[in-house]
Protein chains: 2
Amino acid sequence: MDDSDKPLPPDELGRRLTEVYDLVGPLYRRAQRSVEQGSAAEGLSVGVRAVLALLHRHGPLTVPQMGRAQAISRQFVQRMVNDAAEHGLVESAPNPAHRRSPLIRLTGEGRAAITAVLDREHALLREVGGGLTAAEVAACVRVLGAMLEGLDHVADD
Amino acid sequence: MDDSDKPLPPDELGRRLTEVYDLVGPLYRRAQRSVEQGSAAEGLSVGVRAVLALLHRHGPLTVPQMGRAQAISRQFVQRMVNDAAEHGLVESAPNPAHRRSPLIRLTGEGRAAITAVLDREHALLREVGGGLTAAEVAACVRVLGAMLEGLDHVADD
């Protein structure tokens, strides 16, 4: 029996999360590069890919909702949405909740493009080694989610 | 008793790791923004901060070693190193192993600057909530490490 399943005291939490933090940067840049290669095959920029993936996962969203979910500025999301719309990948739909902020949704073409990209990413991720368990992956999702939420609070200050 | 401590079969692994992957992007961008704010206080760009943090963690490194560790191009690392050297934060030292690729190391001023930034980040991370345990954080580090290694292999193809 050890203390590994007890909540960490703040100082040790800070120290241990630095290890996580130090992996996020390199992982993001590596992933970004793989995504660039994959998306390039479909003719998608990384930004357009992010918008399409978000709509694929959540269904129709407004531009401000997408900005909050991805922690990027509304202006950047709007540019990506315009770019995607020009290529016929997304379209606007009336928003019953907010007349001034239309819902953005995938077109059939957009759905096909993002599905191809996500299938390729899935094929890549299923080859990850190390014999990872469901419990480990669930713990990872919980830790990253808590960090994201923690940093959100700071950003809101 | 469930199967949560058994290695995941590849298809489910791919599916579950997508959840992790989907958190890495937003987390990176949020963290980047916090780092920008923190580093800005010390007058460091995000790139220079990454170089100094790497030298702080690993001791003296060559430019190619730093590029590999951070998954960024050698050219970009070299620009950051030049920038840091101009500000007196790093200096070159002879490399016994490779005459043509000097070791880069922190100056006293560089060490003070990066320590201040890391202290601030540590203070931020120690406030992360959710009652995270040591076992969860360790699992997260293991999962992210395996993903990074998996994507490395792809990039090496």
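The questions and answers below concern a predicted model with chains A and B.

Colleague: Which elements make up chain A, and in what order do they run from the N terminus?
Modeller: Chain A has six helices and two strands. Its C-alpha atoms fill a box of roughly 55 × 40 × 25 Å along the principal axes. From the N terminus on, the order is α-α-α-α-β-β-α-α.

Colleague: What percentage of the residues of chain A count as buried?
Modeller: A residue is buried if 20 or more other C-beta atoms lie within 10 Å of its own. Chain A has 157 residues. The buried share is 39%.

Colleague: What rotation superposes chain B on chain A?
Modeller: The superposition has an RMSD of 0.1 Å, with 0.0 Å of shift along the axis. The copies are thus related as by a two-fold rotation axis. The rotation is 180°.

Colleague: Which residue of chain B comes closest to the rotation axis?
Modeller: The distance is taken at the C-alpha, and it is 1.9 Å. The same surface serves both copies, as 100% of the contact residues of chain B recur in chain A. The residue closest to the axis is B:Cys140.

Colleague: Which element gives the most to the side of chain B that touches chain A?
Modeller: The contact takes 62 residues from each of chain B and chain A. On the side of chain B, the elements giving two or more residues are H1 (10-42), H5 (108-125) and H6 (134-156). With 22 residues, the top contributor is H1(B).

Colleague: How many residues on that side of chain B are nonpolar, polar and charged?
Modeller: The side in question is the one that touches chain A. It divides into 34 nonpolar, 13 polar and 15 charged residues.

Colleague: At what angle do H3(A) and H4(A) pack?
Modeller: H3 spans residues 63-70 of chain A, and H4 spans residues 74-86. A:Val63, A:Pro64, A:Met66 and A:Gly67 in H3(A) meet A:Arg74, A:Val77, A:Gln78 and A:Val81 in H4(A). The contact residues divide into five nonpolar, two polar and one charged. The crossing is right-handed, the axes lie 8 Å apart, and the angle is about 115°.

Colleague: Which residue just after H2(B) takes a positive phi?
Modeller: H2(B) covers residues 46-58, and its 13 residues reach 18 Å from first C-alpha to last, close to the 18 Å expected. Its buried residues include B:Val48, B:Arg49 and B:Leu52. Just after H2(B), phi is about 80° at B:Gly59.

Conventions: Residues are numbered from 1 along each chain as its sequence is written. Chains are lettered from A and ligands numbered from 1 in the order in which they are written. This is a predicted model: local features need pLDDT of at least 70, side-chain atom pairs count only at pLDDT 80 or more; totals for chains, interfaces and linings use all residues. Copies are superposed by least squares on the C-alpha atoms of residues with pLDDT of at least 70 in both. Two residues are in contact if their C-beta atoms, placed from the backbone, lie within 7 Å. Helices (H or I, at least four residues) and strands (E, at least two) are DSSP runs, numbered from the N terminus. Ala, Val, Leu, Ile, Met, Phe, Trp, Tyr, Cys and Pro count as nonpolar, Asp, Glu, Lys and Arg as charged, and the others, Gly among them, as polar. Axes are lines fitted to C-alpha atoms, for helices over the stretch in contact, and angles run from 0 to 180 degrees between N-to-C directions. A crossing is left-handed if the near helix is turned anticlockwise from the far one by less than a right angle, and right-handed if clockwise. The expected span of a helix is 1.5 Å times one less than its number of residues. A residue is buried if 20 or more other C-beta atoms lie within 10 Å of its own, exposed if 12 or fewer, and partly exposed in between; C-beta atoms are placed from the backbone.
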